[in-house]
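Please look through the structure shown below, together with its sequence, before reading the briefing that follows.

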Amino acid sequence: MTIDELQKEVIEEFLEIDDWMDRYQMLIDLGEEQEPLPEEEKTEQNLIDGCQSRVWLVCEERDGRLVFRAESDALIVKGIVALLVRVLSGHTPQEILDADLYFIREIGLTDHLTPTRSNGLLAMVKQMRLYALACSAN
């Protein structure tokens, strides 16, 4: 699936739920479904700067595509990073760099996050794009 198709899928899933408390629960559930990172990958090097909670992001290049794995020690943040991984993982660096991540706005995430969580979300997106930029330069 393309990044656009994945974003549309996420938007559809979230717009089926009207109540924001239920959407937060959906984020928590998404985070809990994610495979935890092994302890040896929870290093300072994999920690994202700019997040109030601790978020680790690991990126591997496989056949010209980037595969992301991530984890956070905060439930909602873990769900947010799970969404980003779902949408961006498995795509080429150029596709990631060119992507307009409109699903974040469309599902209302930007309007319902605290300023510190919004900053963390931006830091996560920035780090994923930096990995894409580094891989596209190789």
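This is a predicted model: local features need pLDDT of at least 70, side-chain atom pairs count only at pLDDT 80 or more; totals for chains, interfaces and linings use all residues.

The charged end of which residue sits over the ring of Trp56? The residue is Lys42, whose charged end lies 5.4 Å from the centre of that ring.

**The nonpolar core**

- The largest nonpolar core is made up of 47 residues, and those with the most contacts inside it are Phe68, Leu84, Leu101, Phe103, Leu109 and Met124.
- Two or more residues of this core come from each of helix H1 (3-15), helix H2 (20-33), strand S1 (55-62), strand S2 (65-72), helix H3 (75-88), helix H5 (103-106) and helix H7 (115-136).
- Among these elements, H3 gives the most to the core, with 10 residues.

**Phe68 and the aromatic pairs**

- There are 2 aromatic pairs in the structure, and in one of them the rings of Phe68 and Tyr131 have their centres 6.4 Å apart, with their planes at 55 degrees, so this pair counts as tilted.
- The pair links distant parts of the chain, since Phe68 belongs to strand S2 and Tyr131 to helix H7, and the two are 63 residues apart.
- Phe68 counts as buried because its relative accessible area is 2%, which is under the 20% cut-off for that word.
- Leaving aside residues up to four places away in sequence, Phe68 touches Leu57, Val58, Cys59, Val85, Leu88, Ser89, Ile96, Met128 and Tyr131.

**Gln7 in helix H1**

- Gln7 is found in helix H1, and with a relative accessible area of 1% this residue is buried.
- When residues up to four places away in sequence are not counted, Gln7 touches Val87, Asp100, Leu101, Tyr102 and Phe103; of these, Leu101 and Phe103 are also listed among the residues with the most contacts inside the largest nonpolar core.

**The largest pocket**

- The largest pocket holds about 170 Å³ of space, and its lining consists of Asp100, Leu101, Ile104, Arg105, Thr110, Ser118, Leu121, Leu122, Val125 and Arg129.
- H5 and H7 are the elements that give two or more residues to this lining, and H7 gives the most, with 5 residues.

Key:
Residues are numbered from 1 along each chain as its sequence is written. Side-chain values use heavy atoms; hydrogens and water are left out. A nonpolar core is a set of buried Ala, Val, Leu, Ile, Met, Phe, Trp, Tyr and Cys residues joined through side-chain atoms within 4.5 Å. Buried means under 20% relative accessible area, exposed over 50%, partly exposed in between (1.4 Å probe, protein chains only). Helices (H or I, at least four residues) and strands (E, at least two) are DSSP runs, numbered from the N terminus. Contact means heavy atoms within 4.5 Å. Rings of Phe, Tyr and Trp (its six-membered ring) pair if their centres lie within 6.5 Å; planes under 30 degrees apart count as stacked, over 60 as edge-to-face and the rest as tilted. A charge sits over a ring if NZ of Lys or CZ of Arg is within 6 Å of the ring centre and within 35 degrees of the ring normal. On a 1 Å grid over the protein atoms alone, a cavity is a set of points where a 1.4 Å probe fits but cannot get out, and a pocket is an open set with protein on both sides within 12 Å along at least five of seven lines; lining residues have an atom within 4 Å of a point. Grid points are joined across faces, edges and corners, and a volume is the space filled by probe spheres set on the points.
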